[in-house]
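Hi,

Here is the structure I promised to pass on to you. Have a look at it first, and then read on for what I found in it.

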Amino acid sequence: ATPMSIMVAAGKGASLGVLFKNAEAIETLRLVDTLVVDKTGTLTEGKPRLTAVDAQGIDKGRLLFLAASLERGSEHPLAAAIVAGAEAQGVEPGKVDEFQALSGKGVTGRVDGVAVALGNTRLLEELGIEPGELRKRADQLRTEGATAMFVAVEGKAVGILAVADPIRKTTPEAIGLLHEEGIRIVMLTGDNRTTARAVAEKLGIDEVIAEVLPEEKADKVRTLQEEGHIVAMAGDGINDAPALARAHVGIAMGTGTDVAMESAGVTLVKGDLRGIVRARLLSRATMRNIR
Ligand code: ADP
Ligand code: MG
């Protein structure tokens with residue numbers, strides 16, 4: 001396309017809340033046949049709320065205190081939900097040592113000297129902790145679409161925290177419009193398989209790739225590309241950045257992290273996925289004009 005037509009498209013995009021960083025994104029979007037989307041913060045609001053606290057052999061307030069104290073060291077949206085939930089119940093945080101965030105798994109550390117771990121099944125496996133009876137309860141919460149995390153104290157699983165993240169209001173319409181254009185939609189998430197499926201089913205998403213580690217996201221995009229697909233990837237997190245850079249077109253949520261926006265060719269200012277449909281219209285119009 002000519003520099004002029006690209007400038008015009010970029011200007012129109014900006015007025016519609018779609019920021020193009022480069023000409024390549026405008027040129028390629030019309031050719032996309034597969035959209036890979038992150039779940040948390042992209043399909044959903046990314047503002048999860050604490051919806052359940054289940055304790056086993058420990059006081060509920062104590063469980064929440066230990067979990068929330070630890071999560072103050074994490075920047076994950078799940079952590080923010082747990083901290084806010086505890087604050088709402090008047091829980092004062094304790095002193096944390098040896099804090100560690102394990103990307104895609106959870107957090108560990110000592111709260112007032114007590115060893116605490118909080119995260120998914122993978123984290124428990126890594127620490128050699130059996131979830132026991134709590135596994136069933138976690139599965140149940142996940143079937144409802146919530147993210148269930150185990151809490152272990154001194155190497156023993158003693159509770160579950162559930163966090164639910166509402167689907168963005170604009171997501172169902174965006175999925176519908178993209179399907180009308182014949183685009184296949186693939187959810188790519190680090191979250192549990194059952195939670196991911198519950199959300200995907202609500203939205204009519206074509207394929208789910210769950211329990212993916214952050215460093216594996218870009219590989220999944222590459223595999224789709226090697227199958228001959230023109231792939232756009234939409235995401236919001238630091239963990240999405242390599243996949244956004246890898247895709248033919250990376251699409252960042254303006255409501256997400258700076259790293260995601262820096263890695264993407266397109267930013268949806270308000271995180272409205274319908275912007276992808278608008279961007280494709282501009283892409284088609286621009287490329288038609290030059291012929
Ligand atoms: P997504 O790809 O959906 O944005 P992540 O890769 O960031 O998700 O995280 C995957 C999973 O790891 C979460 O669903 C959660 O179970 C666990 N996890 C990650 N960070 C934390 C944390 N700070 N506290 C508890 N659990 C966490
Ligand atoms: Mg995310």
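F65 sits in helix α4, which spans residues 60-71. Please keep in mind that this is a predicted model. F65 has 20 C-beta neighbours inside 10 Å, so it counts as buried; the cut-off for that label is 20 or more. Setting aside residues up to four places away in sequence, F65 touches A86, V91 and G94. V111 is 46 residues from F65 in sequence, yet the two C-alpha atoms are 9.0 Å apart in space.

Now to the sheets. One is an open sheet of six strands with antiparallel pairing, in the order β3-β8-β7-β6-β5-β4. Its edge strands, β3 (49-55) and β4 (96-102), each pair on one side only. Ignoring direction, neighbouring strands here are turned by 20° against each other on average. Within this sheet, β5 and β6 run antiparallel and are joined by six bridges, with G106 standing opposite G119 in β6. Helix α7 (residues 134-143) packs on the sheet and touches β3, β7 and β8 (156-164). The direction of α7 makes about 5° with that of β8.

The other sheet I wanted to show you is also open, with seven strands in the order β1-β13-β12-β11-β2-β9-β10 and mixed pairing. β1 (18-20) and β10 (207-209) have a single partner strand each, so one side of each is left without a neighbour in the sheet. From one strand to the next, the twist averages 20°. Strands β2 (residues 34-38) and β9 (residues 184-188) pair in the parallel sense over five bridges, and T34 has R184 in β9 as its bridge partner.

On to the cores. The largest nonpolar core has 47 residues, and those with the most contacts inside it are L35, V36, A232, M233, A247, I251 and V266. Beyond its neighbours within four places in sequence, I251 is in contact with A232, M233, A234, A264, V266, L268 and I276. There is a second, separate core of 37 residues, with A68, V107, A146 and I160 among them.

Last, the ligand. Which residues come nearest to ligand 1? Of the 23 residues around it, they are T40, S74, H76, N120 and G190. By class, this shell has 12 polar, six nonpolar and five charged residues. At least two residues of the shell come from each of α3 (39-43), α5 (77-88), β5 (106-111), β6 (114-119) and β7 (147-153).

Enjoy exploring, and do write back with any thoughts.

Best wishes

Terms used
Residues numbered from 1 in each chain as written. Chains lettered and ligands numbered in written order. Predicted model: local features only at pLDDT ≥ 70, side-chain atom pairs only at ≥ 80, totals over all residues. Pairing = 2+ DSSP bridges. Helix = DSSP H or I, 4+ residues; strand = E, 2+ residues; numbered from the N terminus. Axes fitted to C-alpha atoms, helices over the stretch in contact; angles between N-to-C directions. Buried ≥ 20, exposed ≤ 12 C-beta atoms within 10 Å, placed from the backbone. Contact = placed C-beta atoms within 7 Å. Core = buried A, V, L, I, M, F, W, Y, C linked by C-beta atoms within 7 Å. Near = placed C-beta within 6 Å. Nonpolar A, V, L, I, M, F, W, Y, C, P; charged D, E, K, R; others polar.
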